[in-house]
Amino acid sequence: MLQIRDIIWRLLFIGCAAAIQVEITPTQGEISVGESKFFLCEVVGDAKDIDWYAPSGEKILPNRPDIFVSRSDETTSTLTIYHANVDSAGIYKCVAKNGDKEAQATVQVKIFQKITFESAPSPQEFSEGDDAEIVCDVISSPPPTLIWKHKGSKIQFAKDVRFKILDNGHLQIRSIKKTDEGMYNCEARVMARGEIDFRMIKVVVNVLPTIRARQSEVNATADVGSSALLACDADGFPEPTVTWAHNNVVLETGDKYSLNEDGSELVIKDVAKVDEGEYTCIAKNKAGEKAEEVSLNVFVQPKITYLNNQTAAEFDEQVTLTCEASGDPTPTISWSFENRVFAEGQQSLDRNIVVRSHARVSSLTLKNVQFTYAGQYLCTAGNSIGQDDQHMYLEVRYSPKIQGPVATYTWEGNAANISCEVEAHPGASVLWFRDGLQLPSANMTNTKIYNTPTASHLEVTPDSQYEFGSYNCTATNAMGTESKEFLLIQADVPSSPEIQGVEPFSSTAVVVFGEPDSMGGVPIIRYRVEWRLPGQQWTGREYDADDATSRITIAGLKPETTYEVKMSAINGKGESESCPASTFKTEPVREPSAPKLEVKVQKGGNSLKVNWIKQDDGGSPIMYYLVRYKARHASHWKPEIRIPNASEYVVLSGLDWNTEYEVHVVAVNQQGKSEPGTVSFRTATEPTTVPDAVDGGSGLGTGAIVGILIVVFFLLLVGVDVTCYFLNKCGLLMCIAVNFCGKAGPGAKSKDIEEGKAAFTKDESKEPIVEVRTEEEPVPNQEGGGPTEPNETTPLTEPDGKTVKDDSTKGETEVKNATAEVKTVPSEAPQANGNESKA
């Protein structure tokens with residue numbers, strides 16, 4: 001079946017006889033730059049040649065690379081334009097020829113440029129503050145219209161004058177900020193074709209680093225194995241890298257330096273003086289770099305580098321001691337000898353000691369050398385970071401110096417040591433002489449010599465008058481010889497002491513005396529005191545003497561009685577004559593003197609121990625003591641407490657915290673009551689915490705201790721219950737066996753269950769209790785004395801007082817309402833028949 005086109009062509013051929021016709025398909029063409037396109041030239045009729053002509057009129061030859069012509073059959077020819085460019089545009093003509101017959105057709109080819117982004121790199125980076133130019137190069141034909149968007153919105157150039165589109169289409173941002181960072185949309189449009197295309201450009205704003213040293217100046221100490229830390233903190237975008245440099249050399253981690261991960265901290269190990277100087281901390285990123293200087297000051301502790309021992313001879317003109325020291329800052333140097341300190345510019349009052357210093361050297365000059373200059377000298381070098389001390393020894397060679405007491409006293413038959421103390425350097429040899437003869441000798445067999453490094457002792461036991469007299473000590477060394485005479489003198493008995501007065505009391509008296517005018521050459525060792533009723537035998541007693549003895553107390557005297565008293569002194573030689581007797585009369589029986597009180601706060605802080613010192617009993621034994629106390633702010637005293645006469649203290653416990661109290665103690669004898677001894681005190685502040693352990697205890701807390709006690713108590717109850725069950729057929733187990741099991745316990749006995757109950761007494765009183773404990777019955781006071789009687793020096797003798805009957809009901813104190821526990825303990829050991837009383 002013939003196609004319609006073939007029919008049409010045949011009809012035309014028939015109609016036109018032998019005419020030629022040419023048609024180009026497509027009739028016009030638009031080609032985008034870079035694209036390829038072909039055009040088909042069809043000929044109707046016989047055509048021997050079919051040729052294509054370029055817009056320039058030239059015939060297109062088959063061998064051109066950009067435009068290709070090919071004839072596929074007798075009636076068609078194809079024009080192909082490869083990779084079209086602007087020069088390819090124009091009118092192309094197809095010409096068909098057959099002899100003298102010719103036909104042609106033309107087609108207009110238009111070349112246009114599609115939207116093409118030649119340069120729109122992403123990301124584009126700028127430094128903060130720069131005038132940024134965001135590149136977006138677009139070509140098209142016709143030229144495109146550019147629209148810039150930021151963060152999805154069209155940039156309003158009228159609102160922000162920092163933004164501007166340049167003639168080349170680039171987006172300019174003056175003084176770009178970090179806030180301008182982000183994604184920018186460069187959009188191109190060709191309205192004639194409705195063409196649109198865009199590129200997303202990431203804009204990065206780099207921030208120049210900022211850098212800050214944590215310390216602009218770092219101090220370190222050299223030669224002690226310490227390290228120095230230099231640190232700086234850097235900010236910027238992108239995150240800057242931090243490096244350190246010293247003397248234009250970049251520092252790296254190694255044996256000497258250590259850098260942390262981000263480089264912000266530099267550790268200089270084993271700091272030495274050469275490490276001192278400026279260190280540069282450099283922070284660098286794409287925006288640039290910044291540097292900061294850190295100064296390292298290296299101080300050197302003082303160190304004494306030169307100090308030697310010196311030797312001199314006595315009476316040399318001078319000797320100089322030298323001390324050198326290093327350190328930074330430069331150390332100051334001082335000298336000390338014994339308790340004296342010598343510094344720069346200082347000298348002794350006699351100008352024999354002078355100190356001079358220059359730079360790191362100090363000299364101590366000792367003029368007119370004396371043997372006392374010998375010894376150990378201390379050189380001290382110090383600066384602001386430490387000090388160094390070293391000792392040196394100055395050796396002074398000198399001839400012997402003999403010291404020691406010249407006179408020594410003794411008596412026949414009593415050995416005495418004559419001491420010859422020698423100072424010498426070098427050490428001296430010592431010889432003893434008597435009447436020119438070296439000791440010991442055949443004439444003096446009763447002498448012995450004992451030598452020590454610093455002294456020689458001559459022991460003489462005189463047996464006749466001949467041994468007393470002068471003895472010579474001679475010491476010799478390489479520097480010289482010295483001799484000294486010592487005297488051995490025969491001692492005598494002392495002279496009599498002088499009684500200066502007698503202070504009588506009811507049953508005692510204090511004898512006040514003065515030392516003998518002559519000691520006899522040897523110390524007084526005892527005093528003998530004798531007293532009597534006029535016309536009767538003397539009663540005497542010896543008392544040890546000491547330097548402070550000037551009062552002696554005699555006891556056991558009768559009230560209102562006249563006595564005579566005399567004294568003698570005793571030394572190693574013998575006893576002096578008695579001094580003239582003095583007469584005195586004792587006082588009548590009276591009330592005791594007031595006790596003297598001492599306070600000691602007990603452990604815990606709210607308990608108090610009040611001690612009293614017994615004074616003169618007034619000639620009648622102390623029967624008991626009365627104690628009362630109260631808080632100072634209270635208007636009423638606590639009930640009076642009666643204490644046995646043998647007691648020496650009372651313990652008040654359970655007192656209020658942080659409260660001031662007054663305590664009165666009264667002594668009572670047959671004559672009546674003494675004036676009260678008084679004392680005030682304040683209790684401690686109440687503690688807020690309970691110590692875990694006391695005095696090295698186990699350290700258990702209060703809760704733990706209570707828990708342990710509860711467990712122990714429970715176990716004891718169980719043990720008792722089991723015992724009662726098996727032995728007495730009673731207890732909790734018995735009740736369970738009878739009531740639940742219907743069984744009787746083993747070994748059941750017909751005992752009243754009431755026998756297993758303990759009896760308890762219950763105190764219905766709600767008042768606090770004051771408890772007084774004593775260890776023995778009250779006994780008559782065995783001692784007495786006046787208000788100023790020194791009991792420790794002279795113990796009292798037994799009085800011949802009468803037994804005092806004490807009514808146990810008289811003066812009994814009611815203590816039911818007291819608020820503290822009171823304990824009294826006698827000074828003597830508890831007796832086997834001691835009683836305990838509670839009030």
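A disulfide is a pair of cysteine sulfur atoms within 2.5 Å. The exercises below concern a predicted model, in which local features need pLDDT of at least 70, side-chain atom pairs count only at pLDDT 80 or more, and totals for chains, interfaces and linings use all residues. Residues are numbered from 1 along each chain as its sequence is written, and side-chain values use heavy atoms, with hydrogens and water left out.

**Exercise 1. Determine how many disulfides the structure holds and how the bonded cysteines pair.**

Step 1. When the bonded cysteines of the chain are numbered in sequence order, the pairing reads 1-2, 3-4, 5-6, 7-8, 9-10.

**Exercise 2. Describe the disulfide between Cys 41 and Cys 94.**

Step 1. The S to S distance of Cys 41 and Cys 94 is 1.9 Å.

Step 2. Because the torsion about this S-S bond is about -90 degrees, the disulfide is left-handed.

Step 3. Cys 41 belongs to strand E3 (residues 37–44) and Cys 94 to strand E7, so that distant parts of the chain, 53 residues apart, are linked; strands (E, at least two residues) are DSSP runs numbered from the N terminus.

Step 4. Cys 41 and Cys 94 are both buried, where buried means under 20% relative accessible area, exposed over 50%, and partly exposed in between (1.4 Å probe, protein chains only).

**Exercise 3. State which parts of the chain are joined by Cys 136 with Cys 186, and by Cys 232 with Cys 281.**

Step 1. Cys 136 and Cys 186 form a disulfide with an S to S distance of 1.9 Å.

Step 2. Its torsion is about -90 degrees, so this disulfide is left-handed.

Step 3. Cys 136 lies in the loop between strand E11 (132–134) and strand E12 (137–139), while Cys 186 lies in strand E17 (residues 182–190), 50 residues apart. Cys 136 and Cys 186 are buried.

Step 4. For Cys 232 and Cys 281, the S to S distance is 1.7 Å. Cys 232 is in strand E20 (residues 228–237) and Cys 281 in strand E25 (residues 277–285), so the pair ties together parts 49 residues apart in sequence. Cys 232 and Cys 281 are buried.

**Exercise 4. Classify the exposure of the residues in the salt bridges Asp 160 with Arg 162 and Asp 435 with Arg 434.**

Step 1. A salt bridge is a side-chain nitrogen of Lys or Arg within 4 Å of a carboxyl oxygen of Asp or Glu. The whole structure contains 27 salt bridges.

Step 2. In the bridge of Asp 160 and Arg 162, the closest N and O atoms are 3.5 Å apart. Asp 160 is partly exposed at 25% relative accessibility, whereas Arg 162 is buried at 16%.

Step 3. Asp 435 and Arg 434 meet at 3.7 Å, N to O. Asp 435 is exposed at 61%, whereas Arg 434 is buried at 7%.

Definitions and conventions. Helix = DSSP H or I, 4+ residues; strand = E, 2+ residues; numbered from the N terminus.
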